[in-house]
Amino acid sequence: MTHDPRSALLRAALEAAERGWPVFPLRPGTKRPALHREDRCPATGPCAAGHLKWEQRATTDPARIRAAWSSRPFNVGIATGPAGLVVIDLDRPKNGSDTPCGVTTFRALCERAAQPVPDTYRVRTASGGEHLYFTAPEGARLGNTAGTIGELVDSRAWGGYVVAAGSTTDTGAYEAVGDRGAAPLPEWLHTVLKPAPTRPGGPLGLPAVDGSRAALAALRAECAAVAASPDKQRNTTLNRCAFKVGRFVAWGDIPRHVVEEAFQGAGEGRGLTAAECRATIRSALDSSIRKARPREAA
């Protein structure tokens with residue numbers, strides 16, 4: 001009997017929808033959404049009243065799912081935010097790196113938190129990593145993170161999606177491991193992932209003595225840039241700005257802890273999680289200090 005990939009992927013889409021997880025088509029054999037981009041929107045059909053992105057068009061309607069997957073063997077994307085899911089993505093190092101894999105890092109994180117590795121719905125990814133599915137806490141609206149929890153440990157929630165079990169790519173298949181349902185997100189993990197409360201606005205308070213005048217002026221300017229950064233560029237801006245100030249730390253003009261505390265406040269005030277700020281600032285400063293040229297050559 002000939003295997004029909006469209007039938008298999010349709011079943012995968014319907015099974016996800018039966019769990020209450022809205023799905024949308026991914027390009028056959030890939031992880032990329034099959035829906036049109038905003039700059040190519042025809043402004044007709046579902047987009048007649050304005051462009052709808054994949055997160056808005058994801059559905060659990062069996063009729064719409066059958067209509068889409070009967071046309072092509074689309075892979076299946078799950079819109080994690082509308083699905084009420086938080087998915088922890090445990091990746092594997094690429095290009096032969098000796099970095100511990102995400103599974104190992106996450107197990108170590110659980111051990112440090114004195115918590116068991118959660119028993120929940122799991123999907124083995126095409127690369128050999130794992131997706132751990134959790135139901136989001138009531139009323140929570142978590143976003144995506146990258147490296148916040150640990151090396152090769154990301155998360156997907158609102159604004160993100162994951163490739164569903166049953167999908168395939170050139171590197172392999174996505175396969176469910178066991179039949180366990182998605183468990184509630186553990187409170188300790190929620191604490192790590194949730195954004196820090198927005199801090200009151202106002203001028204950034206910096207020490208008056210811990211640093212040279214030029215270093216403090218640079219730190220104040222770069223923290224202000226972080227505070228004014230667009231939503232989608234907050235972490236990138238924090239990384240860039242901390243890197244720029246790192247040279248003053250390398251030259252001995254300002255203590256590292258002063259820089260870290262200032263950027264931590266600016267990043268959390270902009271809505272990044274405390275853990276994400278710490279990881280980004282540490283990485284940026286380490287790189288900047290390592291690459292800093294002597295003052296006379298700068």
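## A walk through the sheets and helices

The model is a predicted one, in which local features need pLDDT of at least 70 and side-chain atom pairs count only at pLDDT 80 or more, while totals for chains, interfaces and linings use all residues. Residues are numbered from 1 along each chain as its sequence is written, and side-chain values use heavy atoms, with hydrogens and water left out.

Strands of a sheet pair through backbone hydrogen bonds, either parallel or antiparallel. Here, S1 and S2 (residues 75–79) pair in the antiparallel sense over 4 bridges, where strands are DSSP runs of E with at least two residues, helices are runs of H or I with at least four, and both are numbered from the N terminus; two strands count as paired if DSSP finds at least two bridges between them. These strands belong to an open sheet of 3 strands, with the order S1-S2-S8 and antiparallel pairing. Strand S1 (23–26) and strand S8 (161–163) stand at the edges with a single partner strand each, so one side of each has no neighbour in the sheet. From one strand to the next, the twist averages 35°.

Two helices pack on this sheet. Helix H1 (residues 5–18) touches S1 and S2, and its direction makes about 15° with that of S2; helix H3 (residues 62–69) also touches S1 and S2, but its direction makes about 5° with that of S1.

Strand S3 (residues 85–90) and strand S7 (residues 153–156) pair in the antiparallel sense over 4 bridges, with Asp89 opposite Asp154 of S7. S7 also pairs with strand S6 (residues 145–150), again in the antiparallel sense, over 3 bridges, and Gly150 has Val153 of S7 as its bridge partner. The hairpin of S6 and S7 has 2 residues between the strands, and in it Leu152 takes a positive phi near 65°.

We can now turn to the helices. The axes of helix H7 (residues 234–250) and helix H8 (residues 256–269) come within 10 Å and cross at roughly 160°, where axes are lines fitted to C-alpha atoms, for helices over the stretch in contact, and angles run from 0 to 180 degrees between N-to-C directions. That makes H7 roughly antiparallel to H8, since angles over 145 degrees count as roughly antiparallel, under 35 as roughly parallel, 65 to 115 as roughly perpendicular and the rest as oblique. The contact (heavy atoms within 4.5 Å) is made by Leu238, Cys241, Ala242, Val245 and Val249 of H7 and by Arg256, Val259 and Phe263 of H8.

H8 also meets helix H6 (residues 213–227), and their axes come within 9 Å and cross at roughly 25°; H6 and H8 are therefore roughly parallel to each other. Among the residues that make this contact are Leu219 and Cys223 of H6 and Val259 and Phe263 of H8.

Finally, there are 9 aromatic pairs, counted when rings of Phe, Tyr and Trp (its six-membered ring) have centres within 6.5 Å, with planes under 30 degrees apart called stacked, over 60 edge-to-face and the rest tilted. Trp21 and Tyr121 form an edge-to-face pair, at 5.4 Å centre to centre and 65° between the planes. Trp21 lies in the loop between H1 and S1, and Tyr121 in the loop between helix H4 (102–112) and strand S4 (122–124), so the pair ties together parts that are 100 residues apart in sequence.
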